[in-house]
Amino acid sequence: MVVAPIQLDSPEQLLRKCAAKAPSRLELWVELIQSLSVQRMAEIGVYRGDFAAGVLQRCTGLTTYYMLDPWRHLADWHKPANQQDAVLGEFFRETKAKTDFAKAKRVILRGTTTEVVDQIPDGELDLAYIDADHTLKGIAIDLIRVYPKVRVGGFLGGDDFTRSVWEHKTTFEPTLVFPFAVYFAEAVGATIYALPYSQFCLQKTGSPQFAFVDLTGHYDDLGLRNKFTPKKVFKLMMWERFPRLIRFTSQMRALLGR
Ligand SMILES: C[S@@+](CC[C@H](N)C(=O)[O-])C[C@H]1O[C@@H](n2cnc3c(N)ncnc32)[C@H](O)[C@@H]1O
């Protein structure tokens with residue numbers, strides 16, 4: 001009897017399959033973690049521990065789950081999740097309680113990426129998931145400092161790969177995971193995939209080759225010049241300050257056919 005050789009999916013085929021069927025961000029990563037047989041992973045930016053708890057519950061093949069977060073107010077982080085110390089301290093306790101069932105697998109690193117990331121040995125991780133400070137400064141630090149922690153053949157993914165840099169109000173810092181992560185992939189020679197739910201994933205390979213593979217069909221402009229035009233920013237600020245007036249004006253213009 002001739003036994004046909006088992007055809008393993010390439011990373012791209014695997015990502016495509018998971019992206020096509022996952023009904024949520026959590027399910028997408030659970031599928032990927034299981035399909036890639038990830039054993040050691042890190043989550044950078046843990047907040048209330050919901051993602052960590054969901055992954056640890058479902059991905060029983062995990063042996064080590066690093067949870068890195070300062071769980072404290074950061075004076076130089078202008079994003080809505082930057083709460084007061086008391087709130088973030090409570091979120092830390094909440095996270096521990098939610099993941100106590102996986103105590104033996106969990107490694108808590110309490111601090112910012114630059115403060116504690118080197119407690120993870122280089123080449124340790126099968127997967128790193130970045131979901132922390134999404135500003136230009138934050139994503140630059142996270143990608144540059146976390147990448148060496150991923151083994152060759154391993155993956156680095158993340159959240160908030162939003163097409164618009166204006167993920168939050170204009171009073172907050174813009175989100176620049178996209179396009180910075182694409183620039184980073186080009187710098188290190190990795191193939192980076194845009195996934196549903198504003199996720200990205202790149203693979204660290206021994207033979208550098210950059211490509212940006214958009215599995216969503218939503219990412220067109222890799223530049224920044226159209227994202228910060230005075231007209232665009234002014235429009236956004238008006239929407240934020242006078243939503244009812246702007247909505248009324250738009251409706252009037254639509255009625256008048258202008
Ligand atoms: C969006 S939340 C993370 C959500 C979490 N991954 C989830 O899916 O449930 C962002 C987290 O990043 C953390 N953070 C912000 N700046 C950071 C930094 N410089 N280093 C590490 N973590 C940071 C914040 O404390 C916050 O808990």
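1. Helices α2 and α3. In this predicted model, α2 (residues 25-35) and α3 (residues 50-58) have axes that cross at roughly 40° and come within 10 Å. The two helices are therefore oblique to each other. The crossing in which α2 passes α3 is right-handed. On the α2 side the contact involves Arg25, Leu26, Glu27, Trp29, Val30, Ile33 and Gln34, and on the α3 side Phe51, Gly54, Val55 and Arg58. By class these residues of the α2 and α3 contact are 6 nonpolar, 2 polar and 3 charged.

2. Helices α1 and α2. Helix α2 also packs with α1 (residues 11-21): the axes come within 9 Å, and the crossing angle is roughly 150°. That angle makes α1 roughly antiparallel to α2, because angles over 145 degrees are counted that way. The crossing of this pair is right-handed. From α1, the residues that meet α2 are Leu14, Leu15, Cys18, Ala19 and Lys21; from α2, they are Leu28, Glu31, Leu32 and Ser35. The contact of α1 with α2 contains 6 nonpolar residues, 1 polar residue and 2 charged residues.

3. Helices α6 and α7. What is the crossing angle of α6 and α7? The axes of α6 (residues 136-146) and α7 (residues 177-188) cross at roughly 30° and come within 10 Å. The class count for the contact of α6 with α7 is 9 nonpolar, with no polar and no charged residues.

4. Cis peptide bond. Phenylalanine 178 and proline 179 are joined by a cis peptide bond, with omega about 10°. Proline 179 is located in helix α7. Most peptide bonds are trans. A colleague checking backbone geometry may start with the bond between phenylalanine 178 and proline 179.

5. Positive phi. Tyrosine 47 is not a glycine, yet its phi is positive, at about 60°. Most residues other than glycine have a negative phi. Where is tyrosine 47 found? The residue sits in the loop between β1 (40-44) and α3.

Technical notes. Residues numbered from 1 in each chain as written. Predicted model: local features only at pLDDT ≥ 70, side-chain atom pairs only at ≥ 80, totals over all residues. Heavy atoms only, no water. Axes fitted to C-alpha atoms, helices over the stretch in contact; angles between N-to-C directions. Helix = DSSP H or I, 4+ residues; strand = E, 2+ residues; numbered from the N terminus. Parallel < 35°, antiparallel > 145°, perpendicular 65-115°, else oblique. Left-handed = near helix turned anticlockwise from the far one by under 90°. Contact = heavy atoms within 4.5 Å. Nonpolar A, V, L, I, M, F, W, Y, C, P; charged D, E, K, R; others polar.
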